[in-house]
Amino acid sequence: MGIKINGMEVDYPANQTILEAAKTVGIHIPTLCYLKGVNEASVCGICKVEVVGENNLVAACTTLISEGMEVFTFSKKVMDARRLTLELMLSNHRKDCLTCARNLECELQTLALQNRVKGIGFAEDEKKAQIECTTLHTVRDNSKCVLCQRCTAVCKEMQGVGVIGVHEQGGKTYIGCENGRSLGDVACVACGQCIAVCPTGALTEVDDRARVYEALGDESKYVVAITAPAVRVGLGEGFGLPIGTNVQVKMVSALHKLGFDEVFDVSVGADFTIMEESAEINKRLETGENLPIITSCCCSWVSYCEQYFPEFLPNISGCKPPQIMLGALIKTYYATKKGIDHKDLVVVSVMPCTGKKEEIRRPCNQAIAGIYDVDIVITTRELKRMITSAGVMFHELEEREFDPALGISTRAGYIFGTSGGVMEAALRTLAEKKTFSELRGMQGVKEGEYDLNGRKIKVAVVSGLKNAGELLRGIKAGKLRYDIIEVMASPGGCIGGGGQPIHDGSTINFTDINGLRSAALYQGAAALRPINASHESPIVQAVYRDALGAQGSEVAHKWLHTK
C-alpha cells in the first residue's frame with residue numbers, strides 16, 4: 001500500500017502497523033506498553049501519532065496502515081500529547097532516579113529526556129516507596145509502576161502462569177497478586193521474565209552484591225566464582241557491545257580484578273550433568289519406568305512442575321543442575337585436592353536467571369550436610385554493576401581464560417545455555433552423533449527422532465513455560481509421546497533468562513536478541529578444542545576415576561543428585 005510517513009511516500013505490505021512501517025524507513029516511534037505478540041493492549045499512549053483525516057491521535061502499535069494514509073510521527077500535536085502523557089506518568093511515579101537500580105537504563109527516564117519534559121505540573125506530595133521483597137529473587141515497588149502491563153502479559157501469555165494482574169480501577173489501579181497477596185505467597189516460578197520486560201524500576205532482582213563484597217573482604221575465605229554459559233554472551237551488552245558478543249575472556253579477567261581467587265566454568269558442571277543424566281536415561285529406557293524423562297537443569301521449570309503439574313514430578317531427572325553440581329564438586333573434590341576446609345570456601349555463581357537465587361537454598365542441594373553447594377548467586381546484571389562500581393575498564397581488560405583446576409568445558413557443555421543445547425549434549429553421549437540441527441533455533445517446541453542402541457527414541461525440546469504446559473497436557477491426553485524432554489522456562493533457554501541485561505521495548509520488538517546470543521554460543525563451542533561429547537573430557541574422566549567411581553555410584557548420588 002502506498003502511504004506517506006512524515007511526507008515520505010513509501011509502499012508497505014498491507015498487514016503492517018504504523019509502528020512497523022515507520023521502523024522500515026528508519027523512523028523510531030517510542031513505545032512503553034507494546035511487546036509484539038505478547039502485549040498489544042495499547043494502554044500507555046506513548047506511541048500515538050497523527051493521521052490526516054482522523055480527529056484524534058491513533059496508536060501506532062496497533063493501527064494497521066491503509067491505502068493513501070498520511071502519518072506524522074513528530075508533529076507539534078504529537079509531541080505535545082506525548083509530553084503531557086509523560087508528565088502524567090511522572091506525577092504518579094517515585095522519582096529517586098539517582099539511587100534506582102534502573103538509573104540510566106530506565107525507559108521512562110529515557111523518554112522524558114528525549115521528549116524534553118522539563119517539569120511535572122501535576123505532582124502533589126512525593127510518592128512513597130511501596131517495596132515488597134517476599135522472595136529470594138524479586139523486589140516489587142509499585143511506586144515506580146507505570147501500569148504498562150508488560151509484566152502481567154508476559155506472566156500470563158508467554159509463561160502461562162498469570163500470578164500477577166491488574167487490580168482496581170481509575171486512580172487506584174495497581175499491578176499485584178490476587179486478593180492482595182504477596183509474590184512469595186502465590187505460585188510464582190521465579191523465572192524473572194517480568195523483570196526483563198519492566199521498563200522502570202518497579203520490578204528488580206534481589207540484589208546480593210553486598211554479600212559478595214563481604215565474602216571478598218574476608219581474608220579467611222577462599223572465594224571462587226563460577227559462571228554460566230549464557231552469561232558470557234550477555235554481559236557485553238551491559239557495556240554497549242553488540243548483542244551476542246562473546247566476552248568470556250574479559251569476563252574472567254574482570255572477576256579476577258574484583259578479587260575472586262579462582263574463576264571456573266559452569267559448562268564443566270554441565271558435562272557432569274550429562275554423565276549422570278545419560279546414565280539415568282539409559283536406565284529408564286531399559287526399565288520403561290517414569291518415561292518420558294524430563295531434564296532438571298532449569299529451576300523455574302522444576303518449580304512450575306511442582307506447582308502446576310505435580311503428577312509429572314517422578315518424570316523429572318534426579319540430577320542436580322550444572323551450577324549445583326559444580327558447586328558440589330568444588331566443596332568436596334576440589335576442596336580436598338586444594339587442602340581448603342570446605343567451611344572456608346565460598347562459591348559465588350553468576351547466572352542468567354533470577355530463579356537460581358532460590359535454587360541454591362533448596363535443602364537437598366548439599367553434598368556435605370549443613371553446607372550449601374553454592375553460597376551466593378548474582379545475575380548477569382549484578383555482575384555488570386559490580387564491574388562498573390569497581391572502576392574496572394571492561395573494554396581495556398586483558399584476556400584471561402578460566403582457571404584450569406576443574407578443567408576446560410567440552411563443546412557439549414558449552415551449549416547448555418541455549419534451547420536444545422542440553423538435549424544435543426546428552427545425545428552426543430547417548431547416540432554419539434556430532435550435530436543436531438533440528439534441535440537448534442528459537443522455536444518454542446522442537447522435535448527429533450534418533451536411533452539409540454537399536455531403539456528409536458523420540459525427543460522434544462521446549463522453551464517458555466506456556467509451551468511446556470501445552471506439551472504436558474498433550475501427553476496427559478495421550479496425543480503426544482516422547483522418551484526424553486528438555487524444558488527451559490525462559491524463551492530461547494538460559495540466554496533469555498530473567499537476569500540477563502535488559503533492553504528497551506523497541507529492541508525487544510525488532511531484534512532477535514536470543515537468536516544472536518544463541519549463535520554466539522554455538523560459535524564459541526566450535527572454537528574450542530575438538531572434544532564434542534562430555535564423556536570424552538579429561539577432567540570428567542579424572543574425577544570419576546579419582547573420586548566418583550562409576551556413573552550413578554553411591555558417591556555420585558550423594559554429591560550430584562537431588563530430589
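Here is a short chat about a sheet, a pocket and a cavity in this predicted model.

Local features need pLDDT of at least 70, side-chain atom pairs count only at pLDDT 80 or more, and totals for chains, interfaces and linings use all residues. Residues are numbered from 1 along each chain as its sequence is written, and side-chain values use heavy atoms, with hydrogens and water left out.

User: What makes β11 and β12 a pair?

Analyst: Strands are DSSP runs of E, at least two residues long, and helices are runs of H or I, at least four, numbered from the N terminus. Two strands pair if DSSP finds at least two bridges between them. β11 (residues 222-227) and β12 have 4 bridges, in the parallel sense, so they pass that rule.

User: Why are β12 and β15 said to stand at the edges?

Analyst: The open sheet has 4 strands in the order β12-β11-β14-β15, with parallel pairing. β12 (262-265) and β15 (376-379) each have a single partner strand, so one side of each lacks a neighbour in the sheet. Neighbouring strands here are turned by 25 degrees against each other on average, direction ignored.

User: How do you know which way α11 runs relative to β14?

Analyst: Axes are lines fitted to C-alpha atoms (for helices, over the stretch in contact, meaning heavy atoms within 4.5 Å), and angles run from 0 to 180 degrees between N-to-C directions. Helix α11 (residues 322-338) comes out at about 150 degrees to β14 (345-351), and lies across β11, β12, β14 and β15.

User: What makes something a cavity and not a pocket?

Analyst: On a 1 Å grid over the protein atoms alone, a cavity is a set of points where a 1.4 Å probe fits but cannot get out, while a pocket is an open set with protein on both sides within 12 Å along at least five of seven lines. Lining residues have an atom within 4 Å of a point. The largest pocket has a volume of about 810 Å³, and Met158 and Gln193 are among the residues closest to its centre. The largest cavity holds about 240 Å³; Ala228 and Cys297 are among the residues nearest its centre.

User: Which residue classes make up the lining of the largest cavity?

Analyst: Ala, Val, Leu, Ile, Met, Phe, Trp, Tyr, Cys and Pro count as nonpolar, Asp, Glu, Lys and Arg as charged, and the others, Gly among them, as polar. By that count, the lining has 15 nonpolar, 5 polar and 1 charged residues.

Terms used: Points joined across faces, edges and corners; volume = space filled by probe spheres on them.
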